[in-house]
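This briefing is for a reader meeting the structure for the first time. It goes through selected features by topic.

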Amino acid sequence: MSMSSKLAILGGEKIRLAPFLHRETMRDDEKAAAMKVLDSDKLSSFIGSAGPMFHGGHFIQTFEQECCNAFEAKHAVSVNSWTSGLVAAIGAVGVEPGDEVICSPFTMSASATCALFYGGIPVFADIDPVTYCLSPASIERCITPRTKAIVVVHLFGHAADMDAILEIARPRGIFVIEDAAQAPGVTYKGRKVGSIGDIGGFSLNYHKHIHTGEGGVIVTNSDELAHRCRLIRNHGENANGDLEGTAISNTIGGNYRLTELQAAIGSAQLNRLNGYLQLRQELAGFVSQQLRDLPGLSVQPTQPSHAHYCYPIRFDADRLGISRSLFAKAVNAELPTPNGIESTPLTAGYVKPLYFSPVYQRQIAIGTKGFPFNFNANVRYDYSPGICPVAERAYSDELLLSALIREPLTKPDMQDFVDAIRKVVEHVDDLKAAFGELSMHEGDVVTPVDIAAGVVSTS
């Protein structure tokens, strides 16, 4: 279609009418794996007391060994969600009431609330404006004598600056926990993320690269941290016989166990991970090459390893003269009506910075008296607007996200996506003329979370 045609949002023809194909995640391999478990008649083989079955059954142990191999870690511990994994990791490194845990404000809530389960206090460092991962300089400014751990999020599949973060943490004895939920299989300077810090892990939630519906995997090279995680996963207080001869006298645990059925499906999924990552790298590189010179838009520099869970674009409203929301709506109008997150070409923003949540604004997490925020009597925690300006700008003004950089889409699909963006950029003056003042002041944040919750329509 000619780039001189009228914008679809103004009544012109769309760039594309055919729907984008959905991901197909359950195939013959998963079905065969599930049947093996069903035929065994053992959907779970865990027992919450000392003995061989404390560590799960055949499919759990097979999947965990495969994860050790895939993510280059000495230990892998499967859990029923990555939220449970984060809680277990915080417990394993020994966070206690009043300890501070440095977190990203620009991520899923559990990456910070995991600290609260043990009475730890989230302290929010700002993000890097290019990677959207924690800024090492901001981390350093947040450190106090009470800092126990840093939760590093490899956001959208881009690895954080781990060398700089470890240089800050190691001399101070601060634990580094890697939240690689969106970055399975990604390497940082030749090392697999998740196992670079003290402990890390991945999500197996249904919209991740590999999934078991719900689930997660903890990875670590530490025997002691792995042991603690296994105890926390499976009612550790009931496994005292397993503790003799260790430095651990007792560990309170819960039921964070994955099932045999999920583990078998996870093994089948894991086999396709490298192919998914290679395709997403190719699609992202194709899109970046064509968008990098467009005015008002900035893409991430090409990385040798990137999972591309989502594809971020930085939007400059001042340069283009329209709101981010209007730009996204105009691009989406050029493409087929989406049916959910994964077929939505562009969303405006990501999560609201976590410290705007009532738990931080009111500083009441457990009980009604302000615990754990009041544990350190002479310390007052600041969660006011402005503490993480880069994250706030990304949320309110700058970040566009696309979920189209994924399997089974192809470069011709990406070409339609690029053509839609290019068409809107080239006809931005038509939008200004049609929408007037509204072109810069429309409600601007329409996030993937909003779409998933049904808060906004994707049409």
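Arginine 23 is buried, because its relative accessibility is 12%, below the 20% limit for that class. The model is a predicted one. In this model the side chain of arginine 23 meets that of glutamate 342 in a salt bridge, at 3.1 Å from N to O.

**Salt bridges**

- Arginine 23 belongs to the segment before helix 1 and glutamate 342 to the loop between helix 11 (324-333) and strand 12 (347-348), so their pairing ties together parts 319 residues apart in sequence.
- Glutamate 342 counts as partly exposed, with 23% relative accessibility.
- A network of salt bridges links Arg23, Arg280, Glu342 and Glu407.
- The structure has 19 salt bridges.
- Another salt bridge joins the side chains of glutamate 30 and arginine 272, at 2.5 Å from N to O.
- This pair ties together parts that are 242 residues apart in sequence, because glutamate 30 is in helix 1 and arginine 272 is in the loop between helix 8 (260-270) and helix 9 (273-291).
- Glutamate 30 is buried at a relative accessible area of 2%, and arginine 272 is buried at 13%.
- Aspartate 429 and lysine 432 also meet through their side chains in a salt bridge, at 3.5 Å from N to O.
- These two residues are 3 apart in helix 15 (residues 428-435), so about one helical turn separates them.
- Aspartate 429 is exposed at 51% relative accessibility, while lysine 432 is partly exposed at 31%.

**Nonpolar cores**

- The largest nonpolar core contains 102 residues, and Phe106, Ile199 and Tyr360 are among those with the most contacts inside it.
- Helix 3 (residues 82-92) gives this core its largest share, 7 residues.
- A second core is separate and has 36 residues, including Leu294, Val331, Leu409 and Val424.
- Leaving aside residues up to four places away in sequence, the contacts of isoleucine 199 include Ala89, Val176, Ile218 and Cys229.

**Strand 1**

- Strand 1 (residues 75-79) is largely enclosed by the rest of the structure, because 5 of its 5 residues are buried.
- His75, Val77 and Val79 point one way from the strand, and Ala76 and Ser78 point the other way.
- Strand 1 pairs with strand 9 (residues 216-220) in the antiparallel sense, over 5 bridges.
- Valine 79 has glycine 216 of strand 9 as its bridge partner.

**Surface patch**

- A nonpolar patch on the surface is formed by Met35, Leu38 and Leu43, which together have about 270 Å² of accessible area.
- Leucine 38 is located in helix 1 (residues 28-40) and is partly exposed, with a relative accessible area of 44%.

Conventions:
Residues numbered from 1 in each chain as written. Predicted model: local features only at pLDDT ≥ 70, side-chain atom pairs only at ≥ 80, totals over all residues. Heavy atoms only, no water. Patch = residues over 30% accessible without salt bridge, like charges linked within 9 Å, V, L, I, M, F, W, Y side chains within 5 Å. Areas by Shrake-Rupley, 256 points an atom, 1.4 Å probe, with all protein chains shown as cover. Salt bridge = Lys/Arg side-chain N within 4 Å of Asp/Glu carboxyl O. Helix = DSSP H or I, 4+ residues; strand = E, 2+ residues; numbered from the N terminus. Buried < 20%, exposed > 50% of the residue type's maximum accessible area, 1.4 Å probe, protein only. Pairing = 2+ DSSP bridges. Core = buried A, V, L, I, M, F, W, Y, C linked by side-chain atoms within 4.5 Å. Contact = heavy atoms within 4.5 Å.
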